[in-house]
Amino acid sequence: MRNSTINNQNNFQNSYMTNLFVFLKFSLIKIFTLFYFIFVTAACSSMGVKPWEREVLSKKEMTFGAYVLEAGFEDHTYFSKEGSSGGRSFSAGGCGCN
Amino acid sequence: MQLKNSNNKKAGKIGKLITHAALALTCGITNLPSVKAETQSAKSSGYFSGIRNWADWSGEVGLLGYSETEGRVQAFEPGINLNAKFDGDRVWNIKLIYDSLTGASPNGALISGQPQTFTSPSGRANYTTQPGQIPLYDQFKDSRVAVSSSWSQPLTRLLKGSAGFNFSKEYDYLSLGFNSSISKESEDKNTSYSLGVSFTNDSINPVGGTPIELATMVPSGSAQPKTQGGETKSTLDVLLGVSQVINRNWIVQGNLSVGISNGYMNDPYKMVTVHDDTTGPTLGDPLSYIYESRPDSRLKQSVYLASKSYSKYGILSLSYRFLTDDWGLTSHTLESNFNFAISSNWRLQPGLRIYSQSAVDFFRYSVGSSETTTQNVTADTRLGDMMSITPGLKIIKKLENDREVSLLLQYYMQTGDKSPSSAVGSQVGQDLFPDLNAFIVQIIYSF
């Protein structure tokens, strides 16, 4: 099926384990993100609002993920023309776009 | 992504059916001007009355229009997203999208100062590109139907879970996926943590068969260097997120995502120019074309940060995504918009998206004729060094009962390195990375 002279071919069955190992390796970005989440969670223990202070936060424009169709249209458009996908939700895909 | 006319007609009929059904269902559910499920008398009659009373309905129905300049790709995409909310904060969601694409799509070959002839994906015809023009396959037609659905409900007082599936079908591509997520709120509801997992399996059956990687394109009528039987690809995504209310006017969110894909990662319709690299008057001229080759796996990691803040002037939304993968690609995405009222029922939302990307390690504009190409290589500019800017303006009309209708206008501008240092001979002076510009229109009614 494939050209046997191609280099860098990973065995299909082992590729998940290989990629999992790569993910688990130390990387600067993961450490930074971990510290960010720890800092936010710890520092934000004194932040927040009371239930009766949520008038503004209840607005649709103040809600993450409120505009599902618009976000889906945009994700599909950008995913089809660029090399990146996902981030704010699961990776866009399910098509031969990228 | 190529499609025969007979299958196009079938997919077109399916798309029209979905569009009509979506509009009829939406009108029945919303029954303008009323929206929310009202306390109807037990004697309410009619099929749509029954549907309205079944749950507390909300959602969106909309249309995307996409049109690239220079006669390239055009897309028409109606869609509907419905939420049925039941007692106990349980929600059933279903989303239907229909894509119809036509136009001309780049085949990956490099612009040249001489005419270039290519074999169509079916292998039964040729097409020619004029000097100085982007090699485009202009018989590109495709239709895609996508369905996704999910169920979410509270598991405990502060814990919520959801599970769903997504399915899409186009002529040469089929995708089926399952996802599940769990989210936990703090006691004061100011902090929310979520963890989601998604697994997708794709089946690819390219028109004319799967090109053998790095094989040389042969003229139509000859035996094509392709295999039959199709290919597969599977993807596992994990998303970890947290959102935090800062104060009564400010909320932030952060996501960490990892995606692992394995299987057939190539674009079967893309090729790479092999140029003459011998010193002389023919240096840089295209000699032949080889089908691209990408790695069998891809590991993507991204960090996404977002903020929404309110002031008396309006609502400012900001987001930033950093993405990197093991193909060598790194990207930065910055999005912003400002939503403000111009009257009691009208709002405007100007916005701007800026995207920059560094190329994958195996991106090449073209390869030399004396090179022994055994490594992965692609000339797909979507994986090259590039950036895009997308200004936009959204006009929103607020209606009764939390409904609204909006019109979003955007202009997508993508640019890359037109004169790379790798250009040789006749390639110098050619626009080797033509700009991609597109008009985008979205009309959405939400209820």
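In strand β23 of chain B, B:Phe439 is the bridge partner of B:Ser67. The model is predicted; local features require pLDDT of at least 70 and side-chain atom pairs count only at pLDDT 80 or more, whereas totals for chains, interfaces and linings use all residues. Residues are numbered from 1 along each chain as its sequence is written, chains are lettered from A and ligands numbered from 1 in the order in which they are written, and side-chain values use heavy atoms, with hydrogens and water left out.

Strand β1 (residues 56-68) of chain B runs antiparallel to β23(B), and nine bridges join them. Strands here are DSSP runs of E of at least two residues, and helices are runs of H or I of at least four, both numbered from the N terminus; two strands are taken as paired if DSSP finds at least two bridges between them. Strand β22 (residues 404-416) of chain B is also antiparallel to β23(B), through 11 bridges, and B:Tyr412 stands opposite B:Ala438 of β23(B). Eight of the 11 residues of β23(B), which spans residues 436-446, are buried (under 20% relative accessible area, with a 1.4 Å probe and protein chains only; exposed is over 50% and partly exposed in between).

An open sheet of three strands in chain B has the order β15-β14-β20, with mixed pairing. Its edge strands, β15 (286-291) and β20 (366-368), each pair on one side only. The twist averages 35° from one strand to the next, with axes fitted as lines to C-alpha atoms and angles running from 0 to 180 degrees between N-to-C directions. Strand β14 (residues 271-275) pairs with β15(B) in the antiparallel sense over five bridges, and B:Met271 stands opposite B:Tyr291 of β15(B).

Chain B as a whole contains two helices and 23 strands, and 51% of its 447 residues count as buried. Among its contacts (heavy atoms within 4.5 Å) between residues at least 6 apart in sequence, 61% join residues at least 24 apart.

The contact between the chains takes 115 residues from chain B and 64 residues from chain A. The area buried between them is about 7500 Å², of which carbon and sulfur atoms give 55%; buried area is the accessible area (1.4 Å probe) that two parts lose on being put together, summed over both. On the chain B side, B:Arg248, B:Lys308 and B:Arg382 lose the most area to chain A, together 8% of what that side buries. Four salt bridges are found across the interface of chain B and chain A, a salt bridge being a side-chain nitrogen of Lys or Arg within 4 Å of a carboxyl oxygen of Asp or Glu. A:Glu70 forms a salt bridge with B:Lys394, the closest N and O atoms being 2.7 Å apart.
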